[in-house]
Amino acid sequence: MGSIVTLGDAHCFTALREPEWPYRGCMMNGKLYPFGRIERTEDCYKCLCHKYAMHCCSLFHTPFAFDEKECKAIFNKKRCNYDVVQKDDPSKVCSAFGYVG
């Protein structure tokens, strides 16, 4: 039996839009998103696009308490999460004891 404890909330940020921005939406990493709620961006954020700003929070948590000598964290964009695996054999999962987001 295991348990997962998250420390803090998701990582969030707000990006102000340029007043003269001609498009009807918000730009993030080269992609235009429509005004309103965005359930999932290509980079795994949940956002709200307003006329004056875009507010986003991550859908993932980053592992920090694992054996960094033997293991590595690999971001899985399909699942919007990190996989912690052995460096020598990525098919083998490592334990992570703490996540931040």
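1. In this predicted model, strands β9 (residues 71-76) and β10 (residues 81-86) run antiparallel and are joined by six bridges. Within this pairing, A73 stands opposite V84 of β10. The hairpin that the two strands form has four residues between them, and C80 takes a positive phi near 55° there.

2. Buried residues account for 27% of the 101 residues in the chain.

3. The aromatic residues deserve a careful look, and the count comes to five aromatic pairs. One of them is formed by F13 and Y45, whose ring centres are 5.5 Å apart and whose planes lie at 80°, so the pair is edge-to-face. Because F13 lies in strand β2 and Y45 in strand β6 (residues 45-49), this pair ties together parts that are 32 residues apart in sequence. F13 is partly exposed, with a relative accessible area of 27%, whereas Y45 counts as buried at 14% relative accessibility.

4. The rings of F60 and Y82 have their centres 6.1 Å apart and their planes at 70°, so this pair, too, is edge-to-face. F60 lies in the loop between β7 (53-58) and β8 (62-63) while Y82 belongs to strand β10, so the contact ties together parts that are 22 residues apart in sequence. F60 counts as buried, at 12% relative accessibility, but Y82 is partly exposed, with a relative accessible area of 22%. Ring pairs link these residues into a cluster that consists of F13, Y45, F60, F75 and Y82.

5. Which residue lies over the face of Y33? It is K31, placed at 5.5 Å from the ring centre. K31 also forms a salt bridge with E42, the closest N and O atoms being 3.9 Å apart. That pair links distant parts of the chain, since K31 is in strand β4 (residues 31-33) and E42 is in the loop between β5 (36-38) and β6, 11 residues apart. K31 is partly exposed, with a relative accessible area of 33%, while E42 counts as exposed at 52% relative accessibility.

6. The structure holds five salt bridges, and among them is the one between K92 and D89, where the closest N and O atoms are 4.0 Å apart. K92 counts as partly exposed at 45% relative accessibility, and D89 falls into the partly exposed class at 26%.

7. On the surface, Y23, M27 and L32 form a nonpolar patch that has about 280 Å² of accessible area together. Y23 lies in the loop between β2 (12-16) and β3 (26-28), and its relative accessible area of 44% makes Y23 partly exposed.

8. A last point concerns H50, which lies in the loop between β6 and β7 and counts as partly exposed at 39% relative accessibility. H50 and G25 are 25 residues apart along the chain, and their C-alpha atoms are separated by 7.7 Å.

Definitions and conventions
Residues numbered from 1 in each chain as written. Predicted model: local features only at pLDDT ≥ 70, side-chain atom pairs only at ≥ 80, totals over all residues. Heavy atoms only, no water. Patch = residues over 30% accessible without salt bridge, like charges linked within 9 Å, V, L, I, M, F, W, Y side chains within 5 Å. Areas by Shrake-Rupley, 256 points an atom, 1.4 Å probe, with all protein chains shown as cover. Salt bridge = Lys/Arg side-chain N within 4 Å of Asp/Glu carboxyl O. Buried < 20%, exposed > 50% of the residue type's maximum accessible area, 1.4 Å probe, protein only. Pairing = 2+ DSSP bridges. Phe/Tyr/Trp six-rings, centres within 6.5 Å; stacked < 30°, edge-to-face > 60°. Lys NZ or Arg CZ within 6 Å of the ring centre and 35° of its normal.
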